[in-house]
Amino acid sequence: MESNATTNENLNLYEKAENYAKTSLELIKLKTVLASADALSTVTSRIAVGAVVAFFTLFLNIGISLWLGKILGEYYYGFFIVALFYLIVAVVLHKTQHKLIKTPIGNMIVSSILKDSKN
């Protein structure tokens, strides 16, 4: 009789372990889907905002170039001045890319990962 009771307890324990494993796997799947959906929605919204900002910047630069060219007498002078401005910005960003770009983006990624692991 004892062997029958022990067998039932072992089966019950096995079923509980199996249910726990299935539930844990389902939880991991749901967390993965949540993290993926969050990342995709963030990227999509940033791309949309980035596209609008890019078009705004493009038209603003064309307008400034034409305005400067009109003031200077030749339209291409305005385009040269705007191009020179962006060359200076590119050199400054290249020299300070670690401090201005790499470190803040790395910190943002780490904090995002840590935020997800706390939930």
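**View 1. The nonpolar surface patch, to which α1 gives the largest share, 6 residues.** In this predicted model, the patch on the surface is formed by Phe56, Leu60, Ile64, Trp67, Ile71, Leu72, Tyr76, Tyr77, Phe80 and Ile81, and together these residues have about 1000 Å² of accessible area. The elements that give two or more residues to this nonpolar patch are α1 and α2, the latter covering residues 75–95. One of the patch residues is Trp67, which is found in helix α1 and counts as exposed because its relative accessibility, 54%, lies over the 50% cut-off.

**View 2. Asn61, a residue of helix α1.** Helix α1 spans residues 2–72 and includes Asn61, whose relative accessibility of 18% is under the 20% limit, so that Asn61 counts as buried. When neighbours within four places in sequence are left aside, Asn61 is in contact with Val82 and Tyr86.

**View 3. Gly63 of helix α1 and its separation from Phe79.** Gly63 has its place in helix α1 and, with a relative accessibility of 35%, counts as partly exposed. Along the chain Gly63 and Phe79 are 16 residues apart, while their C-alpha atoms are separated by 9.8 Å.

**View 4. The aromatic pair of Tyr76 and Tyr77.** A pair of aromatic rings is described by the distance of the centres and the angle of the planes. A search of the whole structure finds 4 aromatic pairs; in the pair formed by Tyr76 and Tyr77, the ring centres are 4.8 Å apart and the planes stand at 65°, which is over the 60 degrees required, and the pair is therefore edge-to-face. Both residues count as partly exposed, Tyr76 with a relative accessible area of 42% and Tyr77 with a relative accessibility of 36%. Tyr76 and Tyr77 also belong, together with Phe80, to one aromatic cluster, and these three residues are among those that form the nonpolar patch shown in the opening view.

**View 5. The aromatic pair of Phe85 and Tyr86.** The rings of Phe85 and Tyr86 form an aromatic pair that is edge-to-face, with 5.3 Å from centre to centre and 70° between the planes.

Technical notes
Residues numbered from 1 in each chain as written. Predicted model: local features only at pLDDT ≥ 70, side-chain atom pairs only at ≥ 80, totals over all residues. Heavy atoms only, no water. Helix = DSSP H or I, 4+ residues; strand = E, 2+ residues; numbered from the N terminus. Buried < 20%, exposed > 50% of the residue type's maximum accessible area, 1.4 Å probe, protein only. Contact = heavy atoms within 4.5 Å. Patch = residues over 30% accessible without salt bridge, like charges linked within 9 Å, V, L, I, M, F, W, Y side chains within 5 Å. Areas by Shrake-Rupley, 256 points an atom, 1.4 Å probe, with all protein chains shown as cover. Salt bridge = Lys/Arg side-chain N within 4 Å of Asp/Glu carboxyl O. Phe/Tyr/Trp six-rings, centres within 6.5 Å; stacked < 30°, edge-to-face > 60°.
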